[in-house]
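This briefing describes the fold of one protein chain, topic by topic. Please keep the sequence and the structure at hand while reading.

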Amino acid sequence: MIPAEGRKPAADPILRAEHLVKRFGALPALDDFSVTVQRGEVLVVIGPSGSGKSTFLRCLNGLEEIDSGRIIIDGIELNDSERNRLTIRREVGMVFQSFNLFPHLTVLENVNLAQRLVRGRSKAEATARARELLDKVGVGEKLASYPDQLSGGQQQRVAIARALAMQPKVMLFDEATSALDPEMIGEVLDVMRALAVEGMTMVVVTHEMGFAREVGDRIVFMEAGRLIEVATCEDFFQRPIQQRTRDFLRQIL
């Protein structure tokens with residue numbers, strides 16, 4: 001396994017979020033929030049519950065609309081047009097806390113569906129890609145199984161394969177292990193580690209601090225929709241600048 005310090009993300013911003021504001025009624029979920037992600041970087045986002053982490057991810061792929069600010073992914077502005085929005089959704093994969101697999105479809109059918117509908121691939125092309133990815137995430141023998149026949153960890157790995165099948169430029173992980181039993185967490189994190197080694201650009205919301213230390217290139221700490229601190233993993237855990245960051249780390253480490 002190549003640790004974060006052994007990887008060199010390109011000095012090439014693939015994602016820019018600029019001065020994002022998102023409110024739910026009077027509650028600011030994102031409050032002038034800005035961050036840039038380099039191509040090949042693993043950016044880990046942490047913070048207390050209700051800090052806006054999941055909202056940030058959902059805004060990045062257009063599941064939530066921002067009230068103001070700009071989101072630009074690989075040169076395309078999310079809010080510029082409906083065409084741009086659809087393009088970005090094709091280029092940004094997302095894995096949620098819940099697996100969101102279609103219960104009436106087999107594993108193979110779950111991974112094939114979006115490839116055929118969105119990418120326009122033939123059944124043979126989609127199936128070949130699905131088989132390759134399901135083998136890669138360690139569930140290749142489950143092609144004909146239905147989601148309720150799989151463990152939580154297996155379902156989440158299928159969800160990752162489904163997102164990867166679209167060949168996204170950026171992968172978003174929204175607490176992808178939080179719904180899993182403890183013994184299943186490791187198998188999903190192993191898949192995410194492998195993606196990081198391969199150079200996948202990832203934005204990861206997680207409570208797994210060991211994973212953050214090992215795989216993350218930078219850590220973003222946010223609270224009440226605001227960016228409190230952003231730093232390399234080494235600086236963040238060993239030399240945090242903000243008192244609020246130090247208080248948070250004392251509570252969770």
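Does Asp217, at 12% relative accessibility, count as buried or exposed? Asp217 counts as buried, because its relative accessibility is 12% (buried means under 20% relative accessible area, exposed over 50%, and partly exposed in between, with a 1.4 Å probe and protein chains only). The model is a predicted one, in which local features need pLDDT of at least 70, side-chain atom pairs count only at pLDDT 80 or more, and totals for chains, interfaces and linings use all residues. Residues are numbered from 1 along each chain as its sequence is written, and side-chain values use heavy atoms, with hydrogens and water left out.

- Asp217 is located in the loop that runs between helix 7 (209–215) and strand 9; helices (H or I, at least four residues) and strands (E, at least two) are DSSP runs, numbered from the N terminus.

- Six strands form an open sheet in the order 6-7-8-3-9-10, and their pairing is mixed; two strands pair if DSSP finds at least two bridges between them.
- Strand 6 and strand 10 stand at the edges with a single partner strand each, so one side of each has no neighbour in the sheet.
- On average, neighbouring strands of this sheet are turned by 15 degrees against each other, direction ignored (axes are lines fitted to C-alpha atoms, for helices over the stretch in contact, and angles run from 0 to 180 degrees between N-to-C directions).
- Strand 6 (residues 92–95) is covered on both faces, with Val92 and Met94 buried on one side and Gly93 and Val95 buried on the other. In a regular strand the side chains alternate between the two faces of the sheet.
- Four bridges pair strand 6 with strand 7 (residues 170–174) in the parallel sense, and Val95 has Phe173 of strand 7 as its bridge partner.
- Strand 3 (residues 42–46) runs parallel to strand 9 and is joined to it by four bridges; Val45 has Val220 of strand 9 as its bridge partner.
- Strand 9 (residues 218–223) and strand 10 (residues 226–232) run antiparallel and are joined by six bridges, with Thr232 as the bridge partner of Arg218.
- The hairpin of strand 9 and strand 10 has two residues between the strands, and Ala224 there takes a positive phi near 55 degrees.

- A second open sheet holds four strands in the order 2-1-4-5, with antiparallel pairing.
- Its edge strands, strand 2 (27–38) and strand 5 (76–77), each pair on one side only.
- Strand 1 (residues 13–24) and strand 4 (residues 68–73) are antiparallel and share five bridges, and Ala17 has Ile71 of strand 4 as its bridge partner.

**Helices**

- Helix 1 (residues 53–60) is largely enclosed by the rest of the structure, because six of its eight residues are buried.
- The buried residues of helix 1 are Lys53, Thr55, Phe56, Leu57, Cys59 and Leu60; after the helix comes Gly62, with a positive phi near 85 degrees.
- Thr87 belongs to helix 2 (residues 82–91) and counts as buried, at 17% relative accessibility.
- A polar atom of the Thr87 side chain lies 3.0 Å from the backbone oxygen of Arg83.
- Gly186 is placed in helix 6 (residues 182–197) and counts as partly exposed, at 33% relative accessibility.

**The largest pocket**

- The volume of the largest pocket is about 660 Å³.
- Its lining comprises 21 residues, of which Arg89, Val92, Met94, Ala114 and Met166 lie nearest the centre.
- Two or more lining residues come from each of helix 2, strand 6, helix 3 (107–117) and helix 5 (152–164), and helix 3 gives the most, with four.
- On a 1 Å grid over the protein atoms alone, a pocket is an open set of points where a 1.4 Å probe fits, with protein on both sides within 12 Å along at least five of seven lines; lining residues have an atom within 4 Å of a point.

Notes
A polar contact is a pair of N or O atoms within 3.5 Å; within protein, one must be able to donate a hydrogen and the other to accept it, and residues adjacent in sequence count only if both atoms are side-chain atoms. Grid points are joined across faces, edges and corners, and a volume is the space filled by probe spheres set on the points.
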